[in-house]
Amino acid sequence: MSNQIKTEILKGDLYINGKWVNEPDQSYFESLNPATGELVGVCAAASPAQVDTAVAAAEKAYSSWKNTPIPERASYLTKAAQLFELRREELARVMTMEMGKVLTESLGEVGVVSATAQYMAGEGRRLFGETVPAGFSGRNVRMVREPLGVAACITPWNFPVALASYKIFSALIAGNTVVWKPASEVALSAKIFVEILAETGLPEGVVNLITGSGSKVGRKLAEHQAVKVISFTGSTEVGQQLAEMSCKTLKRISLELGGKNAVIVLKDADLDKAADGIVKSAFTTTGQRCTAASRVIVERPVKEQLVKKIVQLTKSMKIGNGLEEGSQIGPLVNEDQLHTVERYVQKAIEEGGNIVSGGQRVNELGSFYYEPTIIENVRPNDSIAQEEIFGPVLAIIEVDSYEEAMEVNNGTIYGLSTSIYTNSLHYANRGASEAVSGLVYINNGTSNAEMGVAFGGMKMSGNGHREVSHHAFDVMTEWKSIYTNY
Ligand code: NAP
Ligand code: MG
């Protein structure tokens, strides 16, 4: 790591009950830039008592926020959407500095935050209930959605603000108050996000920011009696732990977890389009996306040709510091992630895989850069075909039929995203129906989400909940049935 110290470092504090916490004995942890090794800033590590204070603040703010008319709640989100646009560049740069993704992606992500704010503000007007014909005269019966109370949002580093916006804005519009625990890697980006929300004039306690170690803060939130719902995005392993920790208090928990996403390429497919979709899905965000394509399942007769096209496109991608113009692939987020990638590539070779492209660190750039890597001769049960790597590594698996392709696709513990390239109406429709995945794409890569469309995975990629669309309210509200005899 370089010893260069930037002259101006950022400082991230906790935000509790409408105030930035400034305790003389607060302990801090560092946020480092994976492209340079430089210190980006320091962030507060919340103590258990501070987590309690944040939950108490959210609990106190709840009844008034719940009773605030929805259009008024929506007005904060509309204002936030504008403010995110104004600070888009600043926030995007800090995201790139903290976790390495290229600036164009970070800018796009802030755009998603604004769009989510606007979308959820609109959805507020559609938080419809139901009326049911009553079984007695002189009675009416209706069902309404009610918020739950304090929502704890726990988010990963790969999308520092978009995933937070899915959770926080759906929680707020539905009338919940929020305690947010972002990933430590991106705690400074989280601080700017909350600064923007604070600027809208949100009442105190409605949104609280708690940074610090996942295992300490996360456990506290999961076990807290006053936290009524946890919305978590992250690894399957941590999701399982949180589910276990939260079960005693019977709180709701929504889990968006890992994936082992595949692109199926049938022999009748447009190979240029397939190669383009594959490369974008595999190497955008340096492969560190829950929906990243990490397997290509291709019919044998077109394998050679497809791999050639993928390699060609990959070779033209520019690796570099995400802040530099033209960079398309940034560094991995940290040293651990780099070692994970190296370990998997080594294992793939031991298991008989053959590297067709990449497979090395990019030494001249230093730090955590790794070449986009394509490995063929992979069998469906090899480690790199089964386990989530979260890096720029793509396994090529050859098959003899559509049926075999689908069996391989479905043959992992995950079920997040599947894409199928084909010109056959028959196989496109069978694929859509037979893929055990929360997201299915026909003639498109694996990584693409539209506003208003349910997002989430099947099997070990989640626990059945969905985000982004109005189905998010199945997480953030519960039903109350009201009988009125008049
Ligand atoms: P992670 O290690 O599971 O961490 C996610 C969040 O949980 C972070 O805020 C982390 O805090 C916290 N955490 C860590 N250990 C915890 C514990 N024992 N109890 C409670 N909270 C804890 O995941 P990540 O490395 O940040 O992100 C990568 C993973 O996220 C991948 O598996 C990826 O597939 C998944 N992901 C899924 C989706 C989806 O929508 N399905 C989207 C994006 C990413 P610290 O940072 O302080 O450790
Ligand atoms: Mg970092």
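Leu32 is partly exposed, with a relative accessible area of 29%, whereas Glu98 is buried at 0%; here buried means under 20% relative accessible area, exposed over 50%, and partly exposed in between, for a 1.4 Å probe and protein chains only. The model is a predicted one, in which local features need pLDDT of at least 70 and side-chain atom pairs count only at pLDDT 80 or more, while totals for chains, interfaces and linings use all residues. Residues are numbered from 1 along each chain as its sequence is written, chains are lettered from A and ligands numbered from 1 in the order in which they are written, and side-chain values use heavy atoms, with hydrogens and water left out.

Leu32 and Glu98 meet at the magnesium ion (ligand 2), which is coordinated by Leu32 (O), Glu98 (O) and Glu185 (OE) at 2.3 to 2.8 Å. Leu32 belongs to strand S4 (residues 28–32) and Glu98 to helix H3 (residues 88–99), so the pair ties together parts that are 66 residues apart in sequence. The spacing of the donor residues along the sequence is L-x65-E-x86-E. Donors are N, O and S atoms within 2.8 Å of the metal (3.2 Å for Na, K and Ca), and because water is not among the atoms, sites may look incomplete. The helices (H or I, at least four residues) and strands (E, at least two) are DSSP runs, numbered from the N terminus.

The remaining topic is empty space. Rolling a probe the size of a water molecule over the atoms shows where such space is left. On a 1 Å grid over the protein atoms alone, a cavity is a set of points where a 1.4 Å probe fits but cannot get out, and a pocket is an open set with protein on both sides within 12 Å along at least five of seven lines, lining residues having an atom within 4 Å of a point. A search of the whole structure finds five cavities of 30 Å³ or more, and about 90 Å³ of space lies in the largest cavity. This largest cavity is lined by 14 residues, of which Gly287, Ala292, Ser294, Glu388 and Phe390 lie nearest its centre.

The second largest pocket holds about 210 Å³ of space and is lined by 13 residues, with Ile70, Arg73, Arg145, Glu146 and Pro147 nearest its centre. Helix H2 (70–86) and strand S7 (139–147) are the elements that give two or more residues to this lining, and S7 gives the most, with four.

Key: Grid points are joined across faces, edges and corners, and a volume is the space filled by probe spheres set on the points.
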